[in-house]
Amino acid sequence: MAASEETSSLFPIFILTIMALPLVPYTIVKLCRFASKKAKSIHCQCAVCARSGKYRKSIFKKISNFSTWSNMTVVLLWVIMGFLVYYIQQISRESQPFDPFSILGLESGASESDIKKAYRKLSIQYHPDKNPDPEANLYFVEFISKAYQALTDPVSRENYEKYGHPDGRQGMQMGIALPSFLLNIDGASGGILLLGIVGVCILLPLVMAVIYLARSSKYTGNYVMHQTLSSYYYFMKPSLAPSKVMDVFIKAAEYMEIPVRRSDAEPLQKLFMLVRSELNLDLKNIRQEQAKFWKQHPALVKTELLIQAQLTRESAELPSTLQADFKKVLEIAPSLLEELMKMAVIPRNQQGHGWLRPAIGVVELSQSIIQAVPLSARKATGSGDGNAPFLQLPHFSEAVIKKIARKKVRSFQELQDMTEMERAELLTQIAGFTPAEVQDVEIVLEMMPSITIEIICETEGEEGIQEGDIVTMQAWVTLKRRNGLVGALPHAPYFPFHKEENFWLLLADSVSNEVWMSQKVSFLDEAAAIAAASKAIQETKEGSGATVKEISSAVREAVAKVKSGSRLVMGKFQAPAEGNYNLTSFCLCDTWIGCDKKTNLKLKVLKRSRAGSRGGAIAEEGPAVEDGIEEDEDEEEEEYDDYESEYSDDSENEQDTKKKGVVANGTEHEKGSESSSEEGSSSDEE
């Protein structure tokens, strides 16, 4: 065992190694994530978003964003590692190998007379009789005397010149990477060593495991409580109207934990008077309705009022005591709405279908919260869209909407279809906008996404679809913006946090209120979309028996489509019983109002042949059309009974429905027209 002086740097090196093993890769991952987030930070450049301060890159904003617990811990650990490196370097310099010639100030091979002269000279300087300094005395005894003895003794000098050490050949030395005071296991040092081993090797991992298990048992992977999912699953109903989704949404366990203080009573009363018209209270029995509202759980009352403050843009009137609760409610709202959406489309029947009506209601609520637009603004005013799409634009208000309606611009689509010059003239002369305000409107309109859907439903390797078949749905969802961007953060100046655009693709039967398939679509992560599309296309082509060249060509084509702004959505479902099904593919955006898209499909399911032969089945049904597409021109086309928003106008929706294109047997025949999110559900809850 080597002496502690020779192994004093082993323990710092050991600690440095243990710290570096997890810290270096974790830091690399953090930096990569930061770089990817920085690349995605394309946001709205209008004056309203700039004034909101959400994207302001001030030094204080950067410090507050950086000074999280994880970031500060990483920085602290790197500082400790830097100190350890410096300490090890200092120890290494102090623990130089024993060189008697260097100590006496001589060159290697000096004569004995030179050695004696150097020794006498250093003795005058460091000898205890000449220099009373204790350090000089220690240096003379430990170094000068030993060096002189090593060089004047013939055996020692021969050993040094031959083996590099006065004592001759040295064996391998071993050291323990522990502090020297722990090497003495007698008395208190032994207890410290034992406690350290037990604490680091047993107690610390055990505590971390208990904390992890306790948290994982309480939260899901999306950081939503299991209790919240249970409540959402229980309260979700198939006929849940959009206006009633709020009642389910506020029952999250996270909101129930928000404290209700006595000091909140007065400001909540004032807030109630400001948002009372948005609470769906019966005006005929207003006193009873108000009393019933306040008799709810205090946390439910507080949460709903704070959400209504966001919808009506009354958050600036909240006192400082409620501002923190208000931000907490909005911060966790997107993840809660995503889980609520999953509870709406989760399989509920034997066929594995979810519910369409509440799913559309959840998306409408998400859009309203992000854009800070009241749910009542979705009420149709002759156009089917209502005022909600207008109110998400900067500088727009109810008064401005009424002014431009006099010039026959009553729908949001009409405003979008106008040329930039016509729109500028309308907003300047009629609405009284300044050129800067008109420019803000143009910036937002250029950022609004336009969605197109190409969808095919087929049985792989077979013609037509028979009952019981596994049907493959392949949908290309393409996003276009006037400014040329694909992935960007939406215009949402009243939502105090960054919110990415997410889309939900639903394949549903509007008549039966059933969602056959659902999938979340994001346009921000292009690399992940390329990998997923390439894998899906390759597996599909390999299953159909395509050649390597055909597979390679199909993959290249898919990658090009993804880079141009498309996303591939693949899914499988079991074909239902024999019959004709009028399906609708909904692409719903959770941030923008009026950007939803739906396309109608006509799916024919043939009766399965007794012998299992598709040719026999087709022959029994009569002359078959290619790919199982039924084209009966004499038969009247069936009407689509779409689930429209409770705020939509019936007469207008009927006109829109007649304009929808039809997709026969899962193959798109004509693209469906755009519809706002309020075209996705019907009247109030039964």
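Does E501 count as buried or exposed, going by its relative accessibility? In this predicted model, E501 has a relative accessibility of 4%. Since buried means under 20%, E501 counts as buried.

As for where this residue sits, E501 belongs to the loop that links up β3 (470-480) and β4 (503-509) in the chain, lying between the two. One partner is R481, whose side chain makes a polar contact with the side chain of E501 at 2.6 Å. Another is W592, and here too the polar contact is between side chains, again with a value of 2.6 Å. Setting aside neighbours within four places in sequence, the residues in contact with E501 are P449, L479, R481, A488, P490, S522, D590, T591 and W592.

Elsewhere in the chain, two helices pack against each other. Helix α14 covers residues 265-275 and helix α16 covers residues 298-311; their axes lie 10 Å apart and meet at an angle of about 55 degrees. That angle is why α14 counts as oblique to α16. The crossing of α14 past α16 is left-handed.

Which residues do the touching? On the α14 side, they are L268, L271, F272 and V275, while α16 brings in K302, L305, L306, Q308 and A309. Sorted by class, the contact of α14 with α16 comes out as seven nonpolar residues, one polar residue and one charged residue.

Key: Residues are numbered from 1 along each chain as its sequence is written. This is a predicted model: local features need pLDDT of at least 70, side-chain atom pairs count only at pLDDT 80 or more; totals for chains, interfaces and linings use all residues. Side-chain values use heavy atoms; hydrogens and water are left out. Helices (H or I, at least four residues) and strands (E, at least two) are DSSP runs, numbered from the N terminus. Buried means under 20% relative accessible area, exposed over 50%, partly exposed in between (1.4 Å probe, protein chains only). A polar contact is a pair of N or O atoms within 3.5 Å; within protein, one must be able to donate a hydrogen and the other to accept it, and residues adjacent in sequence count only if both atoms are side-chain atoms. Contact means heavy atoms within 4.5 Å. Axes are lines fitted to C-alpha atoms, for helices over the stretch in contact, and angles run from 0 to 180 degrees between N-to-C directions. Angles under 35 degrees count as roughly parallel, over 145 as roughly antiparallel, 65 to 115 as roughly perpendicular and the rest as oblique. A crossing is left-handed if the near helix is turned anticlockwise from the far one by less than a right angle, and right-handed if clockwise. Ala, Val, Leu, Ile, Met, Phe, Trp, Tyr, Cys and Pro count as nonpolar, Asp, Glu, Lys and Arg as charged, and the others, Gly among them, as polar.
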